[in-house]
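Me: I'd like to go through the labels on this one and see what each rests on. Can you set the values against the cut-offs for me?

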Amino acid sequence: MRSHADQVTVRHMTQRRNPPGVADGPGTAQRGAARRLRAGWLPLCRDSLGHMPEVTVLHNPRCSTSRAAMDEAARAGVPVQEVRYLDHPLDHHQLLELVDRLDDPVTDLVRRDAYFTSLGLTDDDVRTADQVVALLAEHPRLMQRPVLVRGEHAIVGRPKERVAEFLAESAL
């Protein structure tokens, strides 16, 4: 007999149940939020061996530090769920939950790169959790990467050495 977890198929939260152009009915957003809270903040999927991943990595494959985190997880034998956050941006509620789990200062979630500067942003614009969430919801490419999540804890995987320590805690 299959377990309840095996029977549940979780779609990415950005997918709509209705076809394009068909509006959601009243209360749909509230029911969807309640479903997300019950199902977890990110969709979970089993690896090729049927194991549930212990760690979720918010990953950008074009980033060498993010690729290094994925390589470290593979070396450590820690199953991970890869979420390509640029392809599937986190929504406002997911970002709030990430901020709640973050062991680092919330401002560390924001990259201070040329794009950040081109938007006319300064450190004063990303001092609070609300500011960071609003900015990352609008500009996902400004999220620092990689971000590793395990249970109620999340870290920004910089410097690279932090990743091995975080993954080692997963193996305990």
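Me: What makes the contact between Arg150 and Glu169 a salt bridge?

Reply: The side chains of Arg150 and Glu169 come to 3.2 Å, N to O. A salt bridge needs a side-chain nitrogen of Lys or Arg within 4 Å of a carboxyl oxygen of Asp or Glu, so the pair gets the label. It links distant parts of the chain, with Arg150 in strand β3 (residues 147–150) and Glu169 in helix α7, 19 residues apart. Helices here are DSSP runs of H or I with at least four residues, strands are runs of E with at least two, and both are numbered from the N terminus.

Me: What kind of model is this, and how are the atoms treated?

Reply: It's a predicted model, where local features need pLDDT of at least 70 and side-chain atom pairs count only at pLDDT 80 or more, while totals for chains, interfaces and linings use all residues. Residues are numbered from 1 along each chain as its sequence is written, and side-chain values use heavy atoms, with hydrogens and water left out.

Me: Why is Arg150 called buried?

Reply: Buried means under 20% relative accessible area, exposed means over 50%, and partly exposed is in between (1.4 Å probe, protein chains only). Arg150 has 16% relative accessibility, so it counts as buried.

Me: Why does His59 count as buried?

Reply: His59 has 5% relative accessibility, so it counts as buried. His59 lies in strand β1 (residues 55–59). Leaving out residues up to four places away in sequence, His59 touches residues including Met70, Val83 and Tyr85, where contact means heavy atoms within 4.5 Å.

Me: What makes β1 and β2 a pair?

Reply: Two strands pair if DSSP finds at least two bridges between them. Here 5 bridges join β1 to β2, so they qualify, and they run parallel. One spot to look at is Leu58, which stands opposite Val83 in β2.
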